[in-house]
Amino acid sequence: MIKKEINRISEVGKALISVEGNPGVALNHVVELLDTDTNQSLSFAKAINISENSTRFQVFNGTGGLSTKTKLRMHEVPLTAGFSYNMLGRTFDGIGQVADNGPEVIFEKQLETSLDTLNPTVRLVPKQPLWTGIPMIDVFNTLVKSQKIPIFASPTEPYNRLLSQIAMGAQADVIIFAGIGLKFDEYHYFKDQLSQSGNIDKTIMFVHLAGESQIKGLTLPDVALSVAREFADQGKDALVLLTDMTNWSNILRNVANYQDMIPSLQGYPGSLYSELARRYEVAADIEGAGSITIIGATTLESLEDPVPDNTGYITEGQFFLENGKLKLARSLSRLKQQVNGNTRSDHRPIMTAMASLLADAEKAYEAAEVGAANDAFSQKLLAYRSDFIANMEEPFGDPLELDAALDRCWEILKRHFEPTETGLSKKLIEEYWDNQN
Amino acid sequence: MNIRNKERTGNLISIQDSLVKVRFKDDVIMGETAEISVEGKLLQGEVLQISPDFKNPGCGIAEMQVFEDLTGARIGDSVEFKGTPLSVLVGPGLLTSIWDGLQNPLYKLSEQDPYLRPGMHAPALDETKLWDFTPAVSVGDVLKGGDTIGSVPEGHFEHKILVPFGIKKCTVNEIIGQKSVNITEVVAIVTDENNQKQELKLAFRHPVKQPIPFKERSIPRKTISTGVRVIDLLAPVSYGGTVGNPGPFGAGKTVMQHTLCKYAIADVIIMAACGERAGEAVEVFKDFAELEDPSTGESLMNRMCIFGNTSSMPVAAREASVFIALTVGEYYRYQGYNVILLADSTSRWAQALRERSGRQGDIPGPEAFPMDIPDQIKGMYQRAGADSGSGGSLTFIGTVSPAGGNFQEPVTQATMDATGGFWGLSQDRADAKKYPAIDPLAYTTSVYDSFIPWKDREQILSTLHEANGIDQTISTIGLKKVPIEKYILFQKGQTIDFCVLQQNAFHDLDACTRPERLNVINEAVQKLINSEIAIPDPNMDDDELKEVIRAKFDELRQWWRDWNMSAETEEQIAALPSHIDQFVFEGEPVL
């Protein structure tokens, strides 16, 4: 079939182009940009805004160097992503093209990238824990298969190290790495880690480096998640690593700005919440099929920034990394209640008791700064706080099994408190206080 | 609005996200729905604005929002105007249903495809199920909209079959006898005020933005037992009341909603999962089905229906989902039932309006929300209320998700203004895992009556206030300089917080406290507040004394928590007030 062509671009802006009139392109359908003289393919673009008078496109490879004489060839389909088991071990760009200088991949099928919503009735209530060996996660915020959860951290924190540590130990059939706006060394770090841990053969990397075309960064999660979803539909447990969604949101903000959209908060479009949700909601445990777990990274200056704020309302909790420690106070796994009720009988109560004491200890710590923590109990709390930070909030220590991590909790409590001071029930105290080695 | 027979059509001339412009020739009605034909699929939309078409005399331009994804739409695609506004199908079979935001039943859709594709639809209510109809009127009877023509049993409910509210006056021409019928069969024929014959069935459609009337609106007076102590004691809600429940993420809004679903005493609970996580709605309809309704002992799902327009579903349908849920709530209120509508979250609803008005190019109000958002929020909450005429009520509990956890933002502020109760969740309490994180001292109010006397409620609040003040003092000048009697007051406040306000939503016994138990707790609390505290040896120095007092209170708190988790028999329950008596009178009074 001969594809219809358009011969002239009337408007070229940052990442966007327009053509005059109505060439018959459908919303979200893809066109290919070709050099008029050589017929060489320059880029693909997507129709985002159509009227009788003009049609606007997002150009995947950017608009630098585009001539108004460029030809547009209509493909009559929305953006698709190639899928094949041969993709494992390979690296692709934000629209699913090979990006590792390796041989071309023959795709078995083309996937829609519209990320249509999974019918909620097909979702299973997630009930399978994913153990990480990190006490702050396993004891206090247990991770669950099919959870969507980001690491919140300032850009200088070792969030990629944490992400990689969680991923390498994860019990997944396939790892989909989706990096947006990455620095080259970050990409390299992940690739190394995946190779060293022997996981590279079950990994597909989708990579968008900082400075590359913004639109390709924008489409990357859709392509990566569509591939992950296909694995899940085929019965596999897929783990998706999304880093860093703040970069992605910033691209979204830039493009909204180029499109003259009315900004809501800090220049982000009013649709930020829905756009983030559409990606994160792909995480699911699917009845009669596999699962998709999403662990993301969201860098932030402040928790009140629109990106972490909106993300927090979408994801099933967050791991909050500060000064290299996983902080109990702001970390949360919303799915932990699904799995921590049938572990050890002390799991839930000790979690609550330690958290409550830590909150008191934080208050004592603030009081101490003005010299007001002068009573004996405040001193106990302060010692407990240091112990807790060193032994519970450290994410990069030797991996601990859950039982060992819980035992460590009791040891810490015993070092600092009398039984009644812990707020734990008499029954638990009798069962665990003296029976630990 | 007239239902017209003539087909009215138009064509797309502009497409941007979920917003389209349509050129039409004949006439178009503001707010009517339309179907757009895109690649063989029919997508639903509604008219938002109508403007002249200067280039094409005789034509006009209708601006529409489309409730489904428009990928594949082209200029020129045809649009058919339907003549009716967005409406909801009401009738037997509503309960136990799980729909998307436009009342498509999700289980039925999943038979077609595990994913929700644009253009997929299914009948809102089961059209094959038979209901035992018993007529209540005879030929010749003169009726009006809302009058009962008969009834069918729906679970343990008597579901009244009503004359649609759009009919002002009618005469019964035909009515069937006692018979099993489905919702597509005609049960009566009436002649309406325009002398038109109308066929009445078990179910009918009602426009979602036209409230179903009250029989006789009344003030919400009867307190709801929610099972949550801090609510039922300090910030109660009555049948027909309205509550805003704001909180930053992670403060426990979801657990609160789930707790209310499980334990609040009501005939019907409607959940509008508006723009929130799909998983949370799934937990409700998959796991809660195994739990018991606290009033009837049947499956909890028998009293529920769920509208799941979750966060990844089309934004335009979010607004619709809340109004659809409200209308269903009003319908059951009119039938005489106590309905609680949980809308999670009204902020997502407001954001949907914001996205739309941004696309329409409206001049934005604060934080880019539409200028009239406070009025829209008030209008929505106003649809809740008690109806002494029907004996039913519609209680509206809306969660609010303020950006940055900042309660000064427009939606939270407007909600505070619109509701009778306000449950502000605090980040600090959530950080300290003090759940439920409702902060009784800040942003928590209620105009409704509690299960305990007004003065007791005031007494508890003032004790908490004072204890909080002392806590601040301890943090700034240290414990040493705080007088003993103030320290005791502080410990009393801590005890009320730890043992009464905090509650374990995941513990079978502790999760739900009914009024009888609550009254015993209140008795104990009042004793604790009003008694002087005795200590063993008044000759100690202040520091030692404070340590002893703290230890004594620690013990009390441990005892009380154990009581929360274990006291079940009458005798065990009665042990609480007597334990407090013992506690306060051991040894000599301090002062």
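Predicted model: local features only at pLDDT ≥ 70, side-chain atom pairs only at ≥ 80, totals over all residues.
Good morning, colleagues. I shall begin with chain A. Its secondary structure consists of 12 helices and 20 strands. Taken along the principal axes, the C-alpha atoms of chain A fill a box of roughly 85 × 45 × 40 Å. Of the 437 residues in chain A, 61% are buried.

Chain B has 591 residues, and 62% of them are buried. Its C-alpha trace spans about 95 × 55 × 40 Å along the principal axes, and its secondary structure comprises 14 helices and 28 strands. The chain is divided into four domains: domain 1 covers 8-84, domain 2 covers 127-201, domain 3 covers 217-451 and domain 4 covers 455-589. Between the C-alpha centres of domain 1 and domain 4 of chain B the separation is 65 Å.

Let me turn to the backbone of chain A. Two residues there deserve a look for their phi angles. A:A15 is not a glycine, yet its phi is positive, at about 65°. This alanine sits in the loop between strand 2 (11-12) and strand 3 (16-20) of chain A. With a relative accessible area of 9%, A:A15 is buried. The other residue is A:N323, whose phi is near 50°, again a positive value in a residue other than glycine. A:N323 belongs to the loop between strand 19 (317-322) and strand 20 (325-333) of chain A. Is A:N323 buried or exposed? It is exposed, because its relative accessible area of 65% is over the 50% cut-off.

In chain B, the peptide bonds are of interest. B:D344 and B:S345 are joined by a cis peptide bond with omega of about 10°. B:S345 is placed in the loop between strand 22 (338-344) and helix 6 (346-360) of chain B. A cis bond also runs from B:Y435 to B:P436, and there omega is near -10°. The proline, B:P436, is found in the loop between helix 9 (427-431) and strand 26 (444-446) of chain B.

Next, a helix in chain A. Helix 6, residues 272-280, is mostly covered, with seven of its nine residues buried. Which are the buried residues of helix 6 of chain A? They are A:L272, A:Y273, A:S274, A:L276, A:A277, A:R279 and A:Y280.

Over all chains, the structure holds 55 of them. In one, the side chains of A:K148 and A:E281 meet at 3.3 Å, N to O. A:K148 lies in strand 13 (residues 148-153) of chain A, and A:E281 in the loop between helix 6 and strand 17 (284-285), so the pair ties together parts 133 residues apart in sequence. Both A:K148 and A:E281 are buried.

What joins the two chains in the next example? A salt bridge between the side chains of B:D431 and A:R330, at 2.9 Å from N to O. B:D431 lies in helix 9 of chain B and A:R330 in strand 20 of chain A, so this pair joins two chains. B:D431 counts as buried at 16% relative accessibility, whereas A:R330 is partly exposed at 24%.

Within chain B, B:D456 forms a salt bridge with B:K455, with 3.1 Å between the closest N and O atoms. The aspartate B:D456 counts as buried at 9% relative accessibility, while the lysine B:K455 counts as exposed at 61%.

Two further sites in chain B remain. B:F214 is located in the loop between strand 17 (204-207) and strand 18 (217-218) of chain B, and it is partly exposed, with a relative accessible area of 21%. Its C-alpha atom is 9.4 Å from that of B:S393, although the two residues are 179 residues apart along the chain.

B:D537 is in the loop between strand 27 (534-535) and helix 13 (542-566) of chain B. At 31% relative accessibility, B:D537 counts as partly exposed.

Thank you; I welcome your questions.

Technical notes
Residues numbered from 1 in each chain as written. Chains lettered and ligands numbered in written order. Heavy atoms only, no water. Helix = DSSP H or I, 4+ residues; strand = E, 2+ residues; numbered from the N terminus. Buried < 20%, exposed > 50% of the residue type's maximum accessible area, 1.4 Å probe, protein only. Domains from an automatic or database assignment. Salt bridge = Lys/Arg side-chain N within 4 Å of Asp/Glu carboxyl O.
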